[in-house]
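This report describes one protein chain in plain terms. Please look at the sequence and the structure before reading on.

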Amino acid sequence: ICSSLVKSGAEVYVVMSPNATNFVSPITFTSICGKKTAVDLFEEKEKIYHVELGHAIDVALIAPATANTISKVACGICDNLLTTIILSTISPVLFAPAMNESMYLDFVVQENIQRLIASGKYFFVGPRKGRLACGEEGMGRMEEPEVILESLAALLKYRNDLEGVKVLVTAGGTREYIDSVRYISNYSSGKMGYAMAEEAYLRGAKRVVLISTNPILPVPYGVEVYYVESSAQMKEKILECFGDFDITVMAAAVSDIVPAQKYEYKLKKKDDILSRIRFKVNESILDFLVKNKKESQFIVGFSAESGEDINSVKEKFESMGVDMLVANDISRKDIGMGSEFNEVLLMGPGGFIKKIEKDKKRIIARKIWDEISRVLKER
C-alpha cells in the first residue's frame with residue numbers, strides 16, 4: 001500500500017505504533033516513502049509533531065488496524081504517536097481492520113467501531129473472510145490493498161469537493177428581548193448548523209463562517225465563528241458577509257415574532273406587564289437573501305415542521321425560492337431541536353425529494369452536503 005501510494009505521486013508519512021515495529025522495521029518504510037518513519041511520541045522536534053502532521057495531511061489510513069488501536073481511538077486514548085496524531089487530525093481517517101474473528105465480532109470492539117463511524121470523521125473498509133494469521137478461517141482478514149486504495153481515493157475526493165468554495169452557515173435559536181432580563185426563544189441548540197459548518201471545512205471549503213447564537217458548543221476546527229443573540233444582530237452579520245459567499249446555509253431557528261418594543265429595564269408585575277407587551281411579525285432574513293442573491297449563489301433553507309407532510313414542505317419550498325430546503329420534524333422528542341440526532345426531508349430543483357433517515361447530526365450533515373455538491377455539479 002505504501003509503495004503504491006508513493007508510485008502514484010502521493011506524499012506519504014508513515015507512523016508506526018511501538019507494537020508494529022515487532023513485525024516490520026521502520027527502516028523498511030523509510031526506504032519506501034523517503035521520509036523518516038515516526039514511532040516515538042516524545043522524540044525531540046522543532047514543532048509539536050502530532051499536531052503539525054495531523055493538520056497537514058489530507059487523509060489518514062491505518063492498515064492493518066488492530067482491535068487495540070481501534071478501541072484506543074474510540075475512547076480518546078493517546079498513549080502513542082499514532083493515536084495522538086489520529087485524534088488531532090481534522091481529516092478523514094480510514095481504518096482497515098485485521099484481527100481474529102472472535103476479536104472482531106466481540107461486543108466491545110463492534111461498539112467502538114460503531115462509535116467511530118457515528119462521529120462522521122472515521123471510515124472503515126473491510127475486513128473480509130479468509131485465512132487469518134492464527135491459522136483459522138473467518139472474518140477478520142484485512143481487505144485487499146487494491147480495495148483499500150480505492151476507498152482511500154474516494155475519501156480524498158470527498159475531502160475536496162468544496163475546494164475553493166466559501167460557505168456561510170447560521171446556527172441556534174435567536175433571543176428576542178422583552179426587557180433587560182426576559183426574552184422569547186426556542187429549543188434550537190445549533191448542533192445541526194455546527195455539523196454543517198464542520199462538514200463544509202472537512203470537504204475542503206476555502207472559507208467557512210458560522211454565525212451562532214450558542215457560545216457553549218465547541219468551535220469546529222478551521223471555522224470562523226461570530227456570536228449574536230437576536231435576529232436583528234444575526235441579519236446585520238449575515239449582510240456583512242453574504243455577498244462574498246458562494247453557499248449560505250440558514251440552519252438557525254430565527255424567531256418568527258419579536259417584541260414591538262424592548263424595555264431597557266426589568267418590567268415589574270405591579271406595572272401591569274401584560275398590557276405593556278406587544279409583539280409583531282419578524283422580517284424574514286431568508287426572504288431578503290433570496291431576493292438579493294446573485295445567480296451564482298446557492299441558498300439552503302431549514303424548516304422546522306410539526307409532523308412530516310410532504311405537500312406542506314413542497315409548498316414551502318416553492319414559496320421560499322431557496323435552492324434547497326431541509327425540513328425536520330420538531331414534534332418528535334428523539335430528533336431535532338436539542339437532540340444529537342436528526343431525520344430530514346430534502347427538497348431541491350427539478351422536483352428532487354429525498355428523505356434522510358434518523359442518524360447523528362454529523363452524518364445527516366454529510367448526506368445533506370452530498371446532495372448540495374451533486375446539485376452544484378449539475379448546474
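Tyr-187 is found in the loop between strand S8 (183-184) and helix H9 (191-202). Helices (H or I, at least four residues) and strands (E, at least two) are DSSP runs, numbered from the N terminus. With a relative accessible area of 73%, Tyr-187 is exposed; buried means under 20% relative accessible area, exposed over 50%, and partly exposed in between (1.4 Å probe, protein chains only). Together with Ile-330 and Met-337, Tyr-187 makes a nonpolar surface patch of about 330 Å². Patches are made of residues with over 30% relative accessible area and no salt bridge, where like charges are joined within 9 Å and nonpolar side chains (Val, Leu, Ile, Met, Phe, Trp, Tyr) within 5 Å. Accessible areas come from the Shrake-Rupley method with a 1.4 Å probe, and for residues only the protein chains shown count as cover.

## Basis of the model

This is a predicted model, in which local features need pLDDT of at least 70, side-chain atom pairs count only at pLDDT 80 or more, and totals for chains, interfaces and linings use all residues. Residues are numbered from 1 along each chain as its sequence is written, and side-chain values use heavy atoms, with hydrogens and water left out.

## The chain as a whole

The chain has 14 helices and 17 strands. Its C-alpha atoms fill a box of roughly 80 × 45 × 40 Å along the principal axes. Of its 379 residues, 47% count as buried. The chain exposes about 19,400 Å², and 52% of this is supplied by carbon and sulfur atoms.

Among contacts (heavy atoms within 4.5 Å) with a separation of 6 or more, 64% are between residues 24 or more positions apart.

Phe-95 is found in strand S2 (residues 93-97) and counts as buried because its relative accessibility is 0%. Beyond its neighbours within four places in sequence, Phe-95 is in contact with residues including Ile-62, Ile-70, Leu-116 and Phe-123. The C-alpha atoms of Phe-95 and Ala-60 are 8.5 Å apart, although the two residues are separated by 35 residues along the chain.

The whole structure holds 4 aromatic pairs. Rings of Phe, Tyr and Trp (its six-membered ring) pair if their centres lie within 6.5 Å; planes under 30 degrees apart count as stacked, over 60 as edge-to-face and the rest as tilted. Phe-95 and Tyr-122 form a tilted pair, at 5.9 Å centre to centre and with 45° between the planes. Phe-95 lies in strand S2 and Tyr-122 in strand S3, so this pair ties together parts that are 27 residues apart in sequence.

## Charges over rings

The charged end of Lys-235 sits over the ring of Phe-288, 4.8 Å from its centre. Lys-358 lies over the face of Phe-341, at 5.3 Å from the ring centre. The rule requires NZ of Lys or CZ of Arg to be within 6 Å of the ring centre and within 35 degrees of the ring normal.

## Salt bridges

A salt bridge is a side-chain nitrogen of Lys or Arg within 4 Å of a carboxyl oxygen of Asp or Glu; by this rule the count comes to 23. In one of them, Lys-72 meets Asp-79, with the closest N and O atoms 2.9 Å apart. Lys-72 is buried at 15% relative accessible area, whereas Asp-79 is partly exposed at 46%. Asp-179 and Arg-182 also form a salt bridge, at 2.5 Å from N to O. Asp-179 is buried, with a relative accessible area of 0%, and Arg-182 is partly exposed, with 27%.

The closest N and O atoms of Arg-362 and Glu-198 are 3.3 Å apart in another salt bridge. Arg-362 lies in helix H14 (residues 361-378) and Glu-198 in helix H9, so the pair ties together parts that are 164 residues apart in sequence. Salt bridges that share partners join Asp-161, Glu-198, Glu-199, Arg-203, Arg-362, Arg-366 and Asp-370 into one network.

## Cis peptide bonds

Most peptide bonds are trans. A cis peptide bond joins Ala-63 and Pro-64, with omega about -5°, and Pro-64 lies in strand S1 (residues 60-65). The bond from Gly-126 to Pro-127 is also cis, with omega near 5°. Pro-127 is found in the loop between strand S3 (122-124) and strand S4 (128-131).
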